[in-house]
Amino acid sequence: MPTDIVEKILRLKRDRNAVILAHTYQPGEVQDIADFVGDSYGLSVKAAETPAEVIVFCGVMFMAETAAILNPAKEVIIPDPRAGCPMADMITAADLAALKQQYPEYAVLCYVNSPAEVKALSDICVTSSNALAIARQVPAETGILFVPDKHLGSWVQEQTERVMVMWEGFCPTHVRITPAMLARARSEHPHATILIHPEAPRESRVLADQVLSTGGMCAFAAHSDATEFIIGTEIGVLHTLRKRNPQKRFSCVDESITCPNMRRGSLDKVEKALAGEGGMRVTVPQDIADRARGSLEKMLAMSG
Ligand code: SF4
């Protein structure tokens, strides 16, 4: 890593009492400068706990929005405001309001990969690491509306056998993980353990050894006796896994599994964001933030 930019970032961070949070899908150079690297759930917890006055959120917009909702008094900055999430953009508050009218008795579980307005209309937020546990806590006689990811929703339904209605959203990165990729990985690495993310389609998920969130993958790889892993999620997590487990081998199910929005992260943008020369402060209107915070806080309470 170039040392002058790193020194500059560390100095700016101290001067501004800032914390840098980075998603495991961010480029390695950004992960290496971050105070905390994690998945959406881990980052939400850190965002809720941090005593820092400024949060530089290296991820995509819905994650920075979540940090702003949980920390209304803090300054949350996203280094590149163009880093959106196509899945989050697949549902609007009007879409969810119409769905709720069709299923008024159902509980709304909302994947955090969604706009703040949609969280505000939901009962409980979930991430891929706690969606199962939270769905199991919804009373058995209550149906579940799951938005916006139909693949994560169908995985929860397969595991819980709950009555569920799924929104037709999906992650354009994870849907590209095909059964053919898994078959090739299995034949090229017959002794490897295959881990896949629940945003991947069912026909691919069933060919893997474990279905796990990125946080779950990190925990599994650290504790497993296996020494070789094939990873079915965004390629950035390989950096996290290799750094934390230098004695184990990791490869991606296919090098094409990248999220262009996560790839927008860079050290240069982090430095500019801290220096006030780039990035964007993320704010959420108070009435929306107050309601969305309720569904996020319920998630945090139900995950504990
Ligand atoms: S990997 Fe998929 S869900 Fe995650 S930010 Fe990229 S597009 Fe959105």
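Start between the two domains: select domain 1 (3-84 + 262-283) and domain 2 (88-170 + 289-303), with bounds from an automatic or database domain assignment. Both give residues to the lining of the second largest pocket, so this pocket lies between them. The model is predicted, so local features need pLDDT of at least 70 and side-chain atom pairs pLDDT 80 or more, while totals for chains, interfaces and linings use all residues. Residues are numbered from 1 along each chain as its sequence is written, and side-chain values use heavy atoms, without hydrogens and water.

Now select A68, N71, P72, T283 and V284, the residues nearest the centre of this pocket among its 14 lining residues. A pocket is an open set of points on a 1 Å grid over the protein atoms alone, where a 1.4 Å probe fits, with protein on both sides within 12 Å along at least five of seven lines; lining residues have an atom within 4 Å of a point. Its volume, the space filled by probe spheres set on the points, is about 150 Å³.

Next, go to the largest pocket, at about 320 Å³. Select Y25, N113, C171, H174 and E199 to find its centre.

Finally, show F57, L109, F146 and V156, which have the most contacts inside the largest nonpolar core, a group of 54 residues. Such a core joins buried Ala, Val, Leu, Ile, Met, Phe, Trp, Tyr and Cys residues through side-chain atoms within 4.5 Å, where buried means under 20% relative accessible area with a 1.4 Å probe, protein chains only. Domains 1 and 2 both contribute residues, so this core also lies between them.

How values were computed. Buried means under 20% relative accessible area, exposed over 50%, partly exposed in between (1.4 Å probe, protein chains only).
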